[in-house]
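Colleague: Hi! Could you walk me through this model, one piece at a time?
Modeller: Happy to. Here it is.

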Amino acid sequence: MAVTRIDCDIHPAVGGTRTTLLPYLDDHWKEQVVSRAIDGLDLTSYPPNMPLSGRPDWRPKGGKPGSDLGMVQKGAFDQLGASHAICNVLYGAQAVYDPYMASAFCKAINDWIAAEWLSADSRLRASIVVPMQAPDLAVEEIERRAGDSRFVSILVLAQGETLLGRRHFWPVYQAAEKYQLPLAIHAGSAYRFAPSSIGWPSHRYEYYFVEAQAFQAQILSLIYEGVFGKFPNLKVVLMESGVTWLPAFMWRANKTWRGVRVEVPWVEREPALIIRDHIRVTMQPFDAPPDRTGVEDVVDQIGSDKMFLFASDYPHWQFDGDDAIPPHLPQHIVSRMCVDNPLETFPRLKLAA
Amino acid sequence: MARHVVARTSEIPPGGNKVVDIEGRDIVVFHVNGAFFALLNRCPHEGAPPDKAACVARLTSPEPGVYNRSRVGEMLRCPWHGWEFDMRDGQSWFDPKRFKVRSYPVVVESGEELVEGMAKGPYVAETFPVVVEDSYVIVET
Amino acid sequence: MSDVIDRPILEKEATAATRLRIVDCDIHPSLHSRADLNEFLPKRWQEHLKTYGDHLRTPYIGTTPYPRSSPIICRRDAWPPTGGPPGSDLAFMRKQHLDPYDVEFGILQVLDLFIFSQQNLEFGAAIQRAINEWQLAFWAHRDPRLRASILVGQDDTVAALAEIDRCARTGEYIQINISPRANEPLGRRRYWPIYERAQELGLPLGIHVGGYGGHAPTGGGWPSYYCEEHQSNAHTMAAQLASLVIEGVPERFPALKIVFIEGGFGWIASAMWRMDQHFARFRSEVPHLKRRPSEYVKEHFWFTTQPIDEPDEAKHLRQLIEWVGIERLLFSSDYPHWDYDDARFAFKTPLTEVERKKIFSTNARAVYKL
């Protein structure tokens, strides 16, 4: 299959722990899940019936959006025109408090996606879902998948238990760098904290909005904790983060660093340069200005055509129609974002262009 | 080039500074690690006065948690936004090519040299009474 | 951006022809000592202040959780020669800031004792009253350029309303201030009585960064560094903009003016675009909203300009200004804090005389009825 367009963010859905994942649990966890009825781990971030969670034409009858392989194939490949797609499973395994349960469920998700999706369609790839609750167990899971090149990245939530730059996560990034797996930070929360510094919002609309700020805090953490100095080959992908907040964010980070550098002397370059080198971002949602000039100006302000990655965010309802590319994007961005940038960002894709 | 006598060396203790007016410009003279340095007393960012800067070590680091200090007291952290400048040449840390504070050459001469070596001038001596027994800081603009 | 400023220092940068008297929407006076509040405090609370003191959701008694990059977050040249912390000496404030910058009106923002976040609500109520009276006695009455704000702890609505009414009766306060790091997002209904009163009184609602609401500065936990926490102030303001708009505060209180102070303005455009982008998708969750979020922002919110954004290219700053709208911007210096903006040099992009006048004067005069 020739590679013409790589969709970096689609969402196969786990039907349930007691259903989809059960075959992939060991005897102990099978018994726990069945006898204690452990299920219903859809993240609070994405209630399946809310409009954003699934475009109406992408909802199977009697099933969660993204739960039907055939429908996903039709949507992502036939309708939206991707030649390949990266599966990012959002399910509550990453939010589980018991680290061993988290580890078992993450393993089950990865086994399931490999067996029932990646093996069923050679155009599909996946992120490794890992239990960041216990970084050593996350490293074990990475080691388990390292030999399977269909796994091309590591998936973590934008809001976890501690900010991602912290030292205790560094073994995860060491493994990521070793196996050429970018760290994919995806919108979603483990709800350990209020989703933002202002407290717990009433509406999901507010929650979704503040995800953008959560991503920004994660980038600052990764930069200032020195992760990119320690792991110079590590790339980080922001998935479903929004794009247009980037320029003002980068400038403010530069402004702060220039004056407070003494706190973090291991950060040897200004944050905007580090961001352009190490951070990549999927295009849906884009959060665009209302006109072409505005879009061009924001792209100019971001200052790099390597950062953008094509993604539909299927089956999340980010746009109508068949064109997942945000309107008004300059051609030099569009031409890089569908193939070149994804291939550079996810080296394990190893697809001939 | 004009030479301006701006202070007796004894006026500016180590770690201290003095601000002088030279031809309408405020110039700050620092004394650190046995030497004197002169800078325009105005940060290129938003005009803050470096004479109130924190004088700190040059700080680098090979990795998180390691703090390497050198040239203690020779880096200025601007009193407003904290931009770091090298006292010796006024260059900023974060972008030495594009951002710097104007710096001026400084020499120290004894009163004797000054009194006898008037040919080294022209120098502005009327702002400063010179006696042969003292040493003087001279800023060249 | 000029990299070397070499010309002789002038006392006032502007020539007489272009001289502009400015409104500075964010000046921080500080207590010379806590004992200065005693004349405004009943004995019981004088004692309490000395003994139990602050009770804030933060690890330390004597300092902020994240140590600042300069002593007590201030400019190093702002310490008055007479002693006391920066901002505590009116004569020095006049000499260093109000006079040379030709400040026509300076709007006071008091952060001392962080009344908005005091866990002991009775103590908080006593302190807020004392601080509000101190603003008049020590500042506004001594220099007519300085204008006081009614500071109220938003998490005790009853006490807040009583203090608002008490202060409003004097006619000497120009806005009502609450904190953006409160127990709950400011859009939540429990705070609406404050907004209702502000609207009734015709006073803007001022929201200045800072506070200890008990939540981590980020949705993903606690940062390690001041570098991170400092920038989180902008994130807090963005989140509050969304909360206020989406919960329907401007919809419910259409005459209420809301001023965001010390959040800067670079983030606003993308916040508006993001809210608008997802409005259709979440429309059914928020049927009370009659208009697009960006419309509410452009009619009900103003933003002080400090800390100004510093892109490498002047045209990018210009774009940020145009996207949020010249009408929305109110100049602020944040004197005497370290990331202060100098009125002469902060805007590193050309502004027309009309634009400069709006940002530095007439917008604020309209919002605050000066």
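Colleague: Let's start in chain C. Do strand β2 (residues 103-108) of chain C and β3(C) run parallel or antiparallel, and how many bridges join them?
Modeller: They run parallel, and two bridges join them. Keep in mind that this is a predicted model.

Colleague: Which residue in β3(C) is the bridge partner of C:Ile107?
Modeller: That is C:Arg147.

Colleague: And what about strand β4 (residues 173-178) of chain C, how many bridges join β3(C) to that one?
Modeller: Three bridges, and β3(C) and β4(C) run parallel. One pair to look at is C:Leu151, whose bridge partner in β4(C) is C:Asn177.

Colleague: Which helix makes a β-α-β unit with β3(C) and β4(C)?
Modeller: Helix α4 (residues 157-170) of chain C, and the unit is right-handed.

Colleague: Why is β3(C) largely enclosed by the rest of the structure?
Modeller: Strand β3 (residues 146-151) of chain C has six of its six residues buried, so it is largely enclosed.

Colleague: Which residues lie on each face of β3(C)?
Modeller: C:Leu146, C:Ala148 and C:Ile150 are on one side, with C:Arg147, C:Ser149 and C:Leu151 on the other. Both faces are covered, and these residues are all buried.

Colleague: Switching to helices: at what angle do α8(C) and α9(C) pack?
Modeller: Helix α8 (residues 268-282) and helix α9 (residues 293-300) of chain C pack at about 145°, and their axes are 7 Å apart.

Colleague: Which residues meet there?
Modeller: From α8(C) you have C:Met272, C:Met275, C:Asp276 and C:Phe279, and they meet C:Pro293, C:Ser294 and C:Val297 of α9(C). By class, that contact has five nonpolar, one polar and one charged residues.

Colleague: Now the interfaces. How many residues does the contact take from chain A and from chain C?
Modeller: It takes 58 residues from chain A and 55 residues from chain C. On the chain A side, α7(A) gives the most, with 15 residues. That side of chain A divides into 30 nonpolar, 19 polar and nine charged residues.

Colleague: And how many residues of chain A are in contact with chain B?
Modeller: Twelve residues of chain A are in contact with twelve residues of chain B. In chain A, α8 (227-230) and α9 (246-260) each supply at least two residues of the side that touches chain B. The largest share comes from α9(A), which gives three residues.

Colleague: What classes of residue does the side of chain A that touches chain B have?
Modeller: Four nonpolar, three polar and five charged residues.

Technical notes:
Residues numbered from 1 in each chain as written. Chains lettered and ligands numbered in written order. Predicted model: local features only at pLDDT ≥ 70, side-chain atom pairs only at ≥ 80, totals over all residues. Contact = placed C-beta atoms within 7 Å. Helix = DSSP H or I, 4+ residues; strand = E, 2+ residues; numbered from the N terminus. Nonpolar A, V, L, I, M, F, W, Y, C, P; charged D, E, K, R; others polar. Axes fitted to C-alpha atoms, helices over the stretch in contact; angles between N-to-C directions. Buried ≥ 20, exposed ≤ 12 C-beta atoms within 10 Å, placed from the backbone. Pairing = 2+ DSSP bridges. Right-handed = clockwise from strand over helix to strand, strands pointing away.
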